[in-house]
2 protein chains.
Amino acid sequence: MTTSRSPRERPAKPALTSEGIVSAAVGIMQAEGLKKVTMRRLAQELDTGPASLYVYFANTDALHAAVLDRMLGKVDLAPVEAQGDWRDRLIQVLSSYTTVLFGHASLARSALVSRPGGPHYLEIVEAVLALLHEGGVPQAQAAWGVDILLALGTATAAEHARDDDEAPEVDWSTYVQVIHAASPNHPYIGAIGTDLLSGTPEERLQWAFRVLINGIAFTPRS
Amino acid sequence: MTTSRSPRERPAKPALTSEGIVSAAVGIMQAEGLKKVTMRRLAQELDTGPASLYVYFANTDALHAAVLDRMLGKVDLAPVEAQGDWRDRLIQVLSSYTTVLFGHASLARSALVSRPGGPHYLEIVEAVLALLHEGGVPQAQAAWGVDILLALGTATAAEHARDDDEAPEVDWSTYVQVIHAASPNHPYIGAIGTDLLSGTPEERLQWAFRVLINGIAFTPRS
DNA sequence: ACCTGAACACCGTTCAAGT
DNA sequence: ACCTGAACACCGTTCAAGT
């Protein structure tokens, strides 16, 4: 009487699909961090056993890669079609990419492990290539340049983003002390001092993107 | 009769020291990969219990960071004092840094997690700053530039290096198929085609370093 | 083909108790 | 201060058996 007629009373256990599994995984990640997105925890959430998930994902890395590509769907590619300097619009796309990863450090790290190749990642590659083309960057340089631009965004996110469940980033004053202590034996570090660490991650990354765009545009290949 | 007089028969259990623990950890890493460098496995190697190691390292990440800095001692900084174009010598130092990380992908990944700050890392930073100074790169640009140069080396190693115990890198032909499949909807990817993936990681990284050096030298901050 | 329970072989970290 | 055994709370992955 309770079970067959009224699926709302106890939500019917939904059939497993890759999409559904990834959705559940994203849910866990947003609530508790990627560290908790384990085969066992996910199976529990889906009311099944861990072994069932291996029908859809070969291993935990593959699962994380699928979560990553799902998240990359949030990247804002509108600047490609917008008005304005191509450099600025390229930086907007790259910043959006980085921002998505910034929210989940461990996700950025997984992007380093299994080079992303999902559909959303390809959209981003296409967008970057379109903007480099608009800027008249020689094709050979654009071909190798995309990779560098995205890799630097990924690496920055992996370094600076912190998941909720992780140890907090080391205190700034700790670094200042390290630099101060290093000064006697390291004259160049001493001379530059705290400017080594100045600026927000965002400011530094903006400059880094500009550096790369200039370098890619003006450095011939071999 | 056997134990007290002749330590060679059964090597005396050495007292624990940070240095000794790291040495044992490096040994395990070289034999079986960083994945096996766990508190439990290491304790077993040192003939003690896992809890003992927490006197020296706050957690597994801290242990891996110590292993990383030990490895960074192998980076060849001689080009700093050598003759020749400063750019070429800078690339030599950066290549040496990357090569050390290439041997152990998971180590490179750990460098992304806990920004390295050990003594050997500082030596490398100092070396890079010395060469940028020699090249007349403005100090503000050098200050932020070091970080980018090393981060790109780290990221490249994290992406391309494979540990023995890991899944092998995805087949090149797989990527070619992905690109081919993407062509209809992604004109720029289609136009560039396999040049997106051409070259060895080393060739690409050499060019990337050149791109960065040029960009850093010629892109003013703010 | 898809799903499952149960098992194997591991983990990190803490804590109370010892020296 | 340093070291330890034991415990708690987890993991990934495989496999034989079921539907």
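In total, 14 salt bridges are found over all chains, a salt bridge being a side-chain nitrogen of Lys or Arg within 4 Å of a carboxyl oxygen of Asp or Glu. B:Arg204 belongs to helix α11 (residues 201–218) of chain B and A:Asp147 to helix α8 of chain A, so this pair joins two chains. Their side chains form a salt bridge with an N to O distance of 3.9 Å. In general, side chains of opposite charge can pair when their charged atoms come close. Helices (H or I, at least four residues) and strands (E, at least two) are DSSP runs, numbered from the N terminus.

The model is predicted: local features need pLDDT of at least 70, side-chain atom pairs count only at pLDDT 80 or more, and totals for chains, interfaces and linings use all residues. Residues are numbered from 1 along each chain as its sequence is written, chains are lettered from A and ligands numbered from 1 in the order in which they are written, and side-chain values use heavy atoms, with hydrogens and water left out.

Across the interface of chain A and chain B there are 4 salt bridges. The interface also has 16 residue pairs in polar contact, both residues at pLDDT 80 or more. A polar contact is a pair of N or O atoms within 3.5 Å; within protein, one must be able to donate a hydrogen and the other to accept it, and residues adjacent in sequence count only if both atoms are side-chain atoms. On the side of chain A that touches chain B, α6 (105–113), α7 (119–134), α8 (139–160), α9 (172–182), α10 (187–192) and α11 (201–218) each supply at least two residues. Helix α8(A) gives the most, with 15 residues.

Contact, meaning heavy atoms within 4.5 Å, involves 54 residues from chain A and 54 residues from chain B. The two chains bury about 5,000 Å² between them, 67% of it on carbon and sulfur atoms; buried area is the accessible area (1.4 Å probe) that two parts lose on being put together, summed over both. A:Trp144, A:Tyr188 and A:Trp207 lose the most area in chain A, together 17% of what that side buries.

A UniProt annotation (unreviewed entry) gives "domain: HTH tetR-type" for residues 15–75 of chain A. That span is 64% helix and 0% strand.

Notes:
UniProt positions are given in the numbering used here, feature names are shortened, and annotations may be inferred rather than shown by experiment.
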